[in-house]
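Reader: I would like to learn how to read helix packing and salt bridges in a protein model. Please take them in turn.

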Amino acid sequence: MSRSLIRSIAITAVLQSSACVSGALEQRLDDARDEVALPPAPPPDPLADEPLVDPAAPVDWSAITALVLARNPRLESMRAAWRAALERMPQVVASPDPMLELGIAPLSLPSGRGQRIAFRQPLAWAAALDARGEAVLAEAEALGHDREALARVLVAAAHEALTELATTSSLRALYHAHHELMHTLRRGVMAMLSAGRGLPEDAVMAEAEIVMAERELLAVTRVELAARARLNALLHRAADAPLGPVTLPASLPPEPPPLPELLAEARSHRPELVAARTRVRARDASIDAADAATRPTFAIGFELSTMSDDWMMWPMLMASVELPLARASRDAMRDEARALAVMQRYEVAALDREIEAEVATRRAALSAALAQLAQTRDALIPALERRAELVQASYAAARQGFDQVLVAHDALLDARLEAVTLTREVHLAAIALELALGRLVGTEAP
C-alpha cells in the first residue's frame, strides 16, 4: 500500500468521525432564515416624496397600521438583530477546528528523512452541540417575540396619534362654533346699546370670550402639529409631511368582557410573556450545555513521520482524551447557567403579575370612561342646553344679566368639550387595553 493511499484513508476517516449538530436543529435554522429576511441597507430616505398617504383623502386607520409595520426603522433594526442572533447558531454548534502540524529535524533536509506531518481533529459531544444550538435558537426566537411586542407598541402609538388628530378636529369645531356664538351675542349687545339698553361691559365680556376661544384654537393647533409629527415619525416620513383628514371610528368601543376572560387572553397572546417563557427554554438548554462541558472530550488524528528506517512504521493513527480536571471552572459554568434559569423563571412570574395588573387597570379605565361619556352625553349636555336657552330668553326679556348668559354658554361649552375629551379617553383606553392583551391594535377583533 502506498504512502499517499494510507494518508488519504486516515485523513478521510478522521474528517468523517467528527460530531455534528442534529438535522432537526439545522432544519429549524433554515426555516427561521426563510422567515427572517435581512432588511435592505441603507434604510429608505424619509424625505423622499413617496405617495404613502393621500393628503386629499380621509386617513385609513388600517392602512396606517400596515405602513407602520412595513416602514418603521425600529422594526427593521430588530429584524436585523433577530437575523444576527440566528447566525450565531452555526458558530456555536461548529465542531472544533482541526490542527495540522509540520515538523522538520535539523539535519533532515540533506538526508530526505526526519520530516513529520500530523493532523488532529478534536471531537465534540453531539448532545453538547445540540444544547448550545437550542439555547441560541430559543434566544433568537425570543428576539422575534420582542420584535412582535415592539410592533404592537408602535401600532398602538400610531392609533393614539390618530385619536389625538381626530380629537383636535372635534375641539376645533366646538371652539369655532363658540367663537361664532360670541360674535353673534356681541352684535346683539351692540344693537341693544344703540337702542339705549344694555351695559357697555356686556360687549367687553363678549369680546373677552372671543379672545379666549381664539387662544384655545392656538392650543389645539399645537396639539395637532405634535400628533402629526409623532405619526409621521412612526411612518418614517418627514415630520411635516401632509396627512388627510382624520375622523374617529363611527362607533364607540364596546364594554370590555369580564376580567378572567381578558387575563386568559393576555397570558396566551402577550408577546412579552411569550418571549420570557422562550428564554426559560434557552436557559434550560444552557444548563444542558454546561453539564456536557463536564464530560471528557476526545481527539483523533493521523501522523506521518519519516524518522524510522522502515516506511511501514511511518503512518500512525492517534487518539487523545482531555481530562476534565479543572472542576472549579466547569462547576462555576454550570452554577451560572442554573442561576440564570432561576432568574428567568422569576422574570416570567413577575411579568405575569404586571400584565394582570395592567389588564385590570386598562379594563377599569375603559369601563369608567364609557360610563362618564354616556352620562355627559345623555344627561348633562341636554340639561345645560335647556338652561342656556332659558337664560338667553330671560336676558332678552331683561330678567337676567348678560353675565348669566355667558356663564350658561360657558358651562355648555365645557360639557361639550368634556364629551370630546371623554370620547378621546374611551378610544385611548380601548387602545391601551388591546395592547395589554397582546393584540395588534385595529386589526384583531375584540
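Predicted model: local features only at pLDDT ≥ 70, side-chain atom pairs only at ≥ 80, totals over all residues.

Reader: How are two packed helices described?

Author: Two packed helices are described by the angle between their axes and the distance between the axes. Here, helix α9 (residues 259-269) packs against helix α12 (residues 402-437) at an angle of about 55 degrees, and their axes are 8 Å apart. That angle makes α9 oblique to α12.

Reader: Which residues of α9 and α12 meet?

Author: From α9 come L262, E265, A266 and H269, and from α12 come L433, A436 and L437. By type, the residues of this contact are five nonpolar, one polar and one charged.

Reader: Now the salt bridges. How many salt bridges does a search of the whole structure find?

Author: The search finds 33 salt bridges. One of them joins E101 and R120, whose closest N and O atoms are 3.1 Å apart. E101 belongs to strand β1 (residues 99-104) and R120 to strand β2 (residues 115-123), so the pair ties together parts 19 residues apart in sequence.

Reader: Which parts does the pair of E139 and R279 tie together?

Author: E139 forms a salt bridge with R279, with the closest N and O atoms 2.9 Å apart. E139 lies in helix α7 (residues 126-194) and R279 in helix α10 (residues 271-292), so this pair ties together parts that are 140 residues apart in sequence. E139 is partly exposed, with a relative accessible area of 23%, whereas R279 is buried, at 15%.

Reader: What does the salt bridge between E322 and R330 look like?

Author: The closest N and O atoms of E322 and R330 are 3.5 Å apart. E322 counts as partly exposed, with 40% relative accessibility. R330 has a relative accessible area of 14%, so R330 is buried.

Reader: Which residues are linked in a network of salt bridges?

Author: Salt bridges link D291, R327, D331, R334 and R338 in a network.

Methods:
Residues numbered from 1 in each chain as written. Heavy atoms only, no water. Axes fitted to C-alpha atoms, helices over the stretch in contact; angles between N-to-C directions. Helix = DSSP H or I, 4+ residues; strand = E, 2+ residues; numbered from the N terminus. Parallel < 35°, antiparallel > 145°, perpendicular 65-115°, else oblique. Contact = heavy atoms within 4.5 Å. Nonpolar A, V, L, I, M, F, W, Y, C, P; charged D, E, K, R; others polar. Salt bridge = Lys/Arg side-chain N within 4 Å of Asp/Glu carboxyl O. Buried < 20%, exposed > 50% of the residue type's maximum accessible area, 1.4 Å probe, protein only.
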